[in-house]
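Here's a quick briefing to read alongside the model. Have a look at the fold first, then run through the notes below.

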Amino acid sequence: MPVGKEKIQFDSNKFVIVDIQGNIYEYAVQDEVNLLSDMVTLRGIYPYSGGNIRYNNYYLSKIKTKTDIIEFLYDYVDYAYDNPTSYMRGSTEDYDIPDNYYRFFEVKYISKVTQHTLPILKEIKVNARTRVSFGYKTDPRADVKNNFSRKISALDKIMIQDGGGSYKVDFNQSYFQSLGNGGVNNDLTTWLKLNSVKINDKQYSFKYYEEDIPQKDSESKDFWGYYSRDGGERYNEKNFKTYYYLGGKKPNINNSQTTLLKEIIYPTKGSDDFFYENNTYNEASYNEYSVKDINVGVYYSDELSTGGDFHEVVPFEIAQQVKFKIKYNIPTPTGGATSGSYIFYDLKNNSTNTFVQLPPMSDTGEAELTLNPGSYSLSMKTKGLPDPYIQLYGEEIVMTNSGQKNLVVGGVRIAKIVSKDNNGNTLLSKNISYIDNNISTGKIYDYPLLYELERASSSKYYPDYCKVLTKDFTLAKYYSTSISDILGYNGATVFYSKVTESSISNGNDNGKITYSFYDDDDQKLYYDTPFLLFNDDSWKRGFIKKQEIFEKGNSAPVKTITNDYSFIQTPSTQQIESGLDFTAPTKPNEFHKMSYQFFVESPQYALGCAGSFKAPAASFSFYGKKLVSAQVNKDKEVIEENLNGKLLKTETEYFYNNPLHIQPTSQKITFPDKSIQETTFQYAHEKGNQYLINKNIIGIPLETTVVKKTNSGDAGKTISKIISLYPNSDTEANNKTSGLPLPISISSLNVQSNTLTIDVLFKQYHPISGNLLQYNPKPDANGNSSNPVSIVWGYNNTLPIAKIEGANYEQVSSYISTIVGASDTDAAAERNNDETELLKVLNDFKNNPNLAGFQITTYTYDPLIGVRSITPPSGIREIYLYDDAGRLKEVREHNKTGKLLKEFNYHYKN
């Protein structure tokens with residue numbers, strides 16, 4: 001993963017994370033998951049595997065910023081659910097094994113969460129005031145096992161408050177129901193479904209693809225585990241990497257998209273429709289096959305017998321190895337040799353002039369037999385027995401085509417989004433393509449693997465020899481679900497290195513945008529089915545490498561943005577004997593962690609016999625993977641624009657010269673005219689501010705300098721320097737910033753005199769909220785200003801309601817209680833309430849004779865929407881009006897129907 005300079009600590013009951021702005025995140029709330037793994041033997045004998053696991057996850061409980069404390073409060077519920085069931089069957093029929101080992105077996109693997117104690121959000125408080133509260137429905141959820149006293153229910157509503165009930169979000173939910181559930185809603189037949197969300201009085205409705213919904217325990221799945229009516233049988237004996245979908249388990253988009261979002265209907269009655277398609281990847285060496293049935297048999301027939309004697313020979317040929325299923329009826333002669341009845345049969349390999357050993361056969365039954373390519377003859381000679389026969393049935397696979405193919409893969413991707421107006425007319429159609437030059441840009445992490453040969457052994461203690469004798473053999477095992485890591489792309493089946501987005505609005509082609517991504521594969525070191533050893537390089541994937549913008553009909557882009565990234569990682573050196581990479585990290589900010597799985601090959605055991613004692617040591621094997629965290633730098637961005645056939649190139653280079661904070665320390669921009677602008681950044685480490693370093697506030701530039709050059713040979717001229725001064729100690733913070741890590745002042749360079757001057761001195765902060773109460777522009781040497789500015793905060797200390805120019809805060813603080821109280825009352829009112837009383841109070845404040853010498857601007861708001869009015873010192877009030885979506889619509893003079901000053905319209909992009 002990309003390394004960061006966040007501080008992460010863990011004590012006995014919580015995680016604490018401090019980001020590079022000094023914000024503190026505490027994770028002190030835990031859930032508890034009890035997972036049961038079990039195995040049921042369906043036939044035969046197989047060693048049991050299973051057990052119970054209990055684990056915990058941590059949830060965000062508190063955020064501490066420089067000025068706020070945000071608390072997350074939870075209630076607890078309990079529920080349970082079953083994970084998908086998987087199966088495995090095995091055979092040792094074709095292998096040399098000990099007599100006491102069963103030759104056929106099948107097991108079912110069961111995984112279920114028997115109890116999940118889950119914290120659910122109840123409310124969010126900011127500085128001890130409730131800002132967000134969550135309500136849940138009274139009925140327990142039907143789509144999980146809810147046999148607990150603290151039952152889980154679906155979310156019903158969210159109340160978002162800013163001193164009052166500013167926002168209300170209501171959720172309307174029901175259930176997806178599986179086909180043929182008979183009206184029974186339970187944890188196997190239903191999934192929770194969101195029908196609509198109403199925000200205040202504006203409703204957003206949702207429709208889904210739900211024509212064909214299976215039960216959760218359906219075995220109709222493709223290779224990747226997605227629902228598919230083309231899934232075929234439980235097992236697929238044909239290796240995907242060789243035969244692909246010849247044996248079934250093929251994806252079906254109509255099934256894969258089941259329960260996915262189909263349409264969003266907005267409050268305006270306009271809508272967005274969503275269309276999907278199955279994933280694809282480029283299979284460069286695809287071979288396509290068809291199946292040729294081979295059916296060979298000898299059957300007793302009175303018409304073909306002579307005096308009761310029957311003898312038939314059936315020749316056949318196969319061009320490849322074929323696994324046959326044998327069906328037979330071999331009656332046992334009665335009365336012994338004197339009865340005159342008999343049966344003889346054999347299978348001869350004419351190519352080698354040898355006989356094939358057939359499996360034991362008697363009475364009626366079935367068996368399996370694998371034959372290599374060649375010419376064969378099946379014969380049977382019999383007399384006096386009721387209808388004997390031997391039938392061989394197999395499939396010969398014939399290649400019909402080969403070459404490159406965009407092969408369909410499990411899972412879905414978005415293909416098109418269509419936006420419509422309230423009359424159903426198409427406004428905008430956006431298409432997403434994952435094809436480049438007719439070849440899919442997708443790649444799979446690994447091939448599905450549903451078959452393996454497993455080395456096994458059988459041991460028996462022989463006391464006469466004082467030894468345990470072990471015999472090795474091989475098991476052929478088939479699985480209903482893949483045992484390879486097919487979801488290795490962070491849970492996705494496919495990763496796409498290039499995607500193109502094109503759009504048409506109102507029938508007009510808008511051109512297209514192509515995105516190319518970094519797509520590094522994990523470093524696969526060693527493969528021993530089904531265990532995969534690798535270095536996890538997922539942290540390198542997904543960065544945008546190139547963005548190309550094309551206009552309608554143009555094959556050349558009008559604009560290209562190219563990004564270069566570097567991954568500061570030590571090159572790997574694989575240890576061949578183990579298959580693992582033990583390379584030590586050598587780069588700054590690089591960390592390696594190995595994870596292992598250990599397996600007991602043979603346990604330690606004691607042998608006591610013949611007066612002696614032996615204790616051979618246990619033997620183990622292990623498998624593992626390496627997780628790497630290292631620095632990712634964006635080194636360069638190149639923007640190329642084609643203006644009327646002229647190519648304009650702007651290049652930005654980024655430099656990282658301090659591994660203590662890994663922020664850009666400088667950047668260099670080269671413009672199309674070859675002029676250069678260089679910017680350097682200094683942070684707490686460069687400025688030696690230990691106070692900020694201790695609080696991990698290391699990502700804020702404290703000094704920024706800009707130098708302009710006419711070309712690369714020019715020494716350059718400083719055109720800008722800005723310095724943000726912060727406290728350097730707790731004492732200085734207590735004296736100047738109310739004990740908070742907030743800026744003291746901002747200074748800039750006077751380029752004419754080449755001297756630094758203080759532009760603004762932050763004179764006073766609120767000691768709890770950190771709100772700025774007074775700042776002094778252009779202060780003198782003593783920090784005083786001829787025109788100080790004071791700020792009054794209202795709406796429960798969240799928004800500025802008055803700016804007083806020319807006054808120190810002490811001069812106005814005794815007159816603000818009335819306007820602060822009125823704004824707090826207004827905060828509790830509904831949106832677009834009558835503000836007459838609040839405006840009157842603010843107007844009285846402006847006209848207070850004790851404040852007559854100051855310039856006063858007042859503000860009112862609809863919290864969480866925006867400013868409603870601004871009244872400057874001139875008294876000419878501006879009124880701000882918003883549409884139903886909360887977007888600024890108009891600015892008018894004095895009142896809602898006054899003179900129109902500004903108008904804002906929102907349209908789909910053409």
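Is E396 buried or exposed? At 6% relative accessibility, E396 is buried, because that falls under the 20% cut-off. Keep in mind that this is a predicted model.

**Salt bridges**

- The count comes to 36 salt bridges.
- E396 pairs up with K292, with their closest N and O atoms 3.9 Å apart. That pair links distant parts of the chain, since K292 sits in strand β18 (residues 271-299) and E396 in strand β25, 104 residues apart. K292 counts as partly exposed, at 47% relative accessibility.
- K145 and D187 meet through their side chains in another salt bridge (3.0 Å, N to O). K145 is in the loop between β12 (129-140) and β13 (153-161), and D187 is in the loop between β14 (165-177) and β15 (190-199), so the pair ties together parts 42 residues apart in sequence. K145 is partly exposed at 26% relative accessibility, whereas D187 is buried at 14%.
- K207 and E263 also form a salt bridge (4.0 Å, N to O). K207 is partly exposed, with a relative accessible area of 45%, while E263 is buried at 18%.
- K14, E26 and K64 are linked in a salt-bridge network.

**Pocket and cavities**

- The largest pocket has a volume of about 1,600 Å³. It is lined by 40 residues, and R89, E237, K323, E368 and Y478 are the closest to its centre.
- That lining splits into 17 nonpolar, 10 polar and 13 charged residues. Strand β20 gives the largest share, five residues, and the elements that each supply at least two include β10 (86-91), α1 (240-243) and β31 (467-479).
- There are two cavities of 30 Å³ or more.

**Other spots to check**

- I8, F10 and F15 make up a nonpolar surface patch with about 300 Å² of accessible area together. I8 belongs to strand β1 (residues 7-10) and is exposed, at 58% relative accessible area.
- I330, in strand β20, is buried with a relative accessible area of 5%. I330 and M361 are 31 residues apart in sequence, yet their C-alpha atoms are 6.7 Å apart in space.

Note on methods
Residues are numbered from 1 along each chain as its sequence is written. This is a predicted model: local features need pLDDT of at least 70, side-chain atom pairs count only at pLDDT 80 or more; totals for chains, interfaces and linings use all residues. Side-chain values use heavy atoms; hydrogens and water are left out. On a 1 Å grid over the protein atoms alone, a cavity is a set of points where a 1.4 Å probe fits but cannot get out, and a pocket is an open set with protein on both sides within 12 Å along at least five of seven lines; lining residues have an atom within 4 Å of a point. Grid points are joined across faces, edges and corners, and a volume is the space filled by probe spheres set on the points. Helices (H or I, at least four residues) and strands (E, at least two) are DSSP runs, numbered from the N terminus. Ala, Val, Leu, Ile, Met, Phe, Trp, Tyr, Cys and Pro count as nonpolar, Asp, Glu, Lys and Arg as charged, and the others, Gly among them, as polar. Patches are made of residues with over 30% relative accessible area and no salt bridge: like charges are joined within 9 Å, nonpolar side chains (Val, Leu, Ile, Met, Phe, Trp, Tyr) within 5 Å. Accessible areas come from the Shrake-Rupley method with a 1.4 Å probe; for residues, only the protein chains shown count as cover. Buried means under 20% relative accessible area, exposed over 50%, partly exposed in between (1.4 Å probe, protein chains only).
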